[in-house]
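I opened this notebook to record what I looked up in the structure. The entries follow in the order in which I made them.

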Amino acid sequence: MSLAKVFPPKSEILFEQYQKLYRQSIENPKEFWGNAAKEHVDWFRPFDKVLDGGFEHGDVRWFEGGKLNISYNALDRHNPNDLALIWEGDEPDDIRKLTYGEVLRKVCKIGNALLRKGVQKGDIVTIYMPMIPELAMTMLACARIGAVHSVVFAGFSAEALGQRISAAKSKIVVTADVGRRGGKTIGLKDIVNDALTKLDCNSVIEHVMVWERFYNAESSASPPYEMKDRDIRMDPLVAVQRPYCPPVHMDSEDNLFILYTSGSTGNPKGLVHTTGGYAVYAKMTTQVTFDLQPGDVFACVADCGWITGHTYVVYGPLLNGSTSFMFESTPVYPNEGRYWDMIQRHKITQFYTAPTAIRLLMRYGDEIPKKYDLSSLRVLGSVGEPINPEAWRWYYEVVGRSKCTVVDTYWQTETGGHIITNLPGITPMKPGSCTLPFYGIDTVVLCPTTGKELTEPDENGNFQGVMALKSPWPGMARTCLGDHERFLTVYFKPYPGYYFTGDTVSRDKDGFHFIIGRMDDVMNVSGHRIGTAEVESALVAHPAVAQAAVVGKPHEIKGQSICAFAMLTAGYEESPELIKELRGSVRSEIGGFCNPDLIVITPSLPMTRSGKIMRRILRKIVCGEIDSLGDTSTLADPSIVETLIEKVEKL
Ligand code: PRX
């Protein structure tokens with residue numbers, strides 16, 4: 001299948017309708033979003049103004065004057081007998097099904113438990129939990145009482161967790177005794193204990209609230225982890241709470257959650273999302289992109305520790321009243337048919353995963369998915385990184401049996417929801433392209449040097465440059481926690497007048513977008529966004545490393561792999577044990593998911609005379625592109641290039 005193959009929409013009329021509505025949404029955003037906000041969300045008090053503020057000062061406000069509660073919208077307004085959550089744990093026979101009524105009552109009880117322990121509106125509650133229904137319900141309980149949740153992915157190490165608790169000044173951490181993944185048990189409570197011993201502001205923590213996976217009210221046995229005075233067992237506390245908790249009437253611009261994400265420099269940023277705009281955007285993008293219909297079982301297999309889990313496991317599907325499928329395990333446990341088996345057993349209608357998982361499963365051959373009845377599927381989603389046409393085709397033909405739409409959804413933690421994606425049955429599909437912007441999203445391609453919108457196509461008829469947006473949308477993040485200047489510097493100052501995504505794009509003559517990749521020092525490893533600077537500082541945290549440089553290298557399955565170069569401190573010598581220790585340092589500073597594929601010990605790094613590391617050269621070396629290294633004469637010591645080429649070739 002050539003890249004150029006286009007899958008026409010089911011109906012030209014629907015595509016024309018999209019184009020017309022899209023134009024209206026751009027020409028008159030206030031009318032478009034005002035109507036959308038009324039249609040998709042129930043407000044306790046109507047908003048006075050649709051949009052105020054702008055990019056220049058980063059003071060965008062949506063639906064001011066409006067009051068709402070997102071947990072009310074996600075739970076109370078739906079039929080209590082409908083299924084809200086289907087959960088499948090690490091073991092395929094570990095299944096729970098919860099109705100909207102059950103989830104509402106439990107969320108209320110959790111909300112009351114948090115209130116009992118002193119959580120107040122605006123407090124930041126850190127959540128460090130495995131993918132169990134209590135994670136989604138704890139997030140919703142925070143939203144119900146006006147607390148701001150900060151979910152930290154449970155693959156992060158104690159060090160990284162401690163840093164995030166500390167930055168958010170959380171008084172409360174909610175965790176679980178253990179997580180399970182691929183047959184392994186991970187002691188999350190122990191990691192929290194460890195994180196708290198490392199914290200400078202340990203005194204800020206008032207309580208650690210612990211869900212116990214195997215809690216038994218009848219048993220008097222003490223828990224299998226170390227309990228401290230500040231610890232509270234969640235199950236018995238929640239059990240005695242009243243099952244109703246009035247939803248706090250939040251201002252549209254009150255904070256809803258914080259989510260940390262990696263950038264090119266410094267510590268991870270705590271991006272802040274607010275209530276009204278996010279609710280409207282999560283609700284609408286889920287419904288429209290996935291063509292949600294009553295009775296659908298919507299499965300997004302992302303972790304709630306990332307934005308995809310926030311918007312498309314918890315908020316989006318529940319705001320729509322559909323059944324959200326929540327998954328704890330991996331695509332290959334207990335075997336490579338796990339996803340297909342789940343789709344068959346639960347009659348999943350939408351399935352949403354990352355290209356890295358598709359590429360991994362593709363390797364095991366067509367026979368595995370072919371063994372299962374996948375006829376319930378209508379829409380297949382892809383997210384997190386560009387999907388290569390081979391993986392797209394396999395997803396479309398082998399998983400979707402050429403009957404489903406593949407939606408390639410391009411977005412970011414910062415955008416809250418999809419910003420560029422095709423719509424089922426409406427937009428033509430081009431494999432490898434996330435296609436056209438969502439309603440209200442004004443995409444532009446900028447020249448990286450002048451910062452002006454490109455007006456002339458290149459020799460192939462494409463516009464290639466910086467992916468940017470021209471006007472605000474309701475789902476956008478509003479600030480970086482405690483550092484608004486950083487928010488402006490990263491997103492609005494590089495190209496004044498525009499939101500800068502950090503990505504490069506190529507837009508073809510039909511206006512279809514092909515995301516090329518990050519322009520900054522951010523890697524995308526198995527759909528995880530990892531800053532090179534974070535891995536470098538994890539390596540330098542080891543006393544043997546004087547200086548480190550990290551680059552991403554294309555990887556067949558993971559998208560990119562991490563390659564690290566380390567200069568040793570005097571007195572240390574290269575050895576297999578040391579390499580192992582350095583891997584250990586990355587694991588303990590960030591988490592196992594950031595393990596470098598390659599660690600090269602080097603006598604020095606390619607630096608300019610002013611001391612700037614030339615990562616471009618390192619990237620070329622790890623990719624074996626030594627014929628196109630470019631100008632190396634500006635290096636302080638050009639001979640290091642030869643040494644590094646030799647070392648990498650030997651590894
Ligand atoms: O580089 C883009 C890539 O993932 C980045 C955002 O990462 P994160 O904030 O962790 O959110 C991931 C889930 C939304 C983007 O800047 N990216 C995301 N989706 C796509 C993508 N690249 C190409 N195609 C996509 N569909």
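**Helix geometry, then the ligand site**

Entry 1. I worked on a predicted model.

Entry 2. I then checked how far H5 is covered: 13 of its 13 residues are buried, taking under 20% relative accessible area as the cut-off. Just after H5, I noted that Gly146 has a positive phi of about 85°.

Entry 3. I turned to the ligand and listed the residues around it. There are 17, and those that come nearest are Thr409, Thr413, Asp503, Arg518 and Arg529. Sorted by class, I found 6 nonpolar, 6 polar and 5 charged residues in this shell.

Entry 4. I asked which secondary-structure elements each supply at least two residues of the shell. They are helix H10 (307-319), strand S20 (405-409) and strand S25 (513-518).

Entry 5. I looked up distances from side chains to oxygen atoms of the ligand. For Thr413, a side-chain N or O atom is 2.5 Å from a ligand oxygen. For Arg518, a polar side-chain atom lies 2.7 Å from an oxygen atom of the ligand. For Gln412, the corresponding distance from a polar side-chain atom to a ligand oxygen is 2.9 Å.

Technical notes. Residues are numbered from 1 along each chain as its sequence is written. This is a predicted model: local features need pLDDT of at least 70, side-chain atom pairs count only at pLDDT 80 or more; totals for chains, interfaces and linings use all residues. Side-chain values use heavy atoms; hydrogens and water are left out. A residue is near a molecule or strand if one of its heavy atoms lies within 4 Å of it. A polar contact is a pair of N or O atoms within 3.5 Å; within protein, one must be able to donate a hydrogen and the other to accept it, and residues adjacent in sequence count only if both atoms are side-chain atoms. Helices (H or I, at least four residues) and strands (E, at least two) are DSSP runs, numbered from the N terminus. Ala, Val, Leu, Ile, Met, Phe, Trp, Tyr, Cys and Pro count as nonpolar, Asp, Glu, Lys and Arg as charged, and the others, Gly among them, as polar. Buried means under 20% relative accessible area, exposed over 50%, partly exposed in between (1.4 Å probe, protein chains only).
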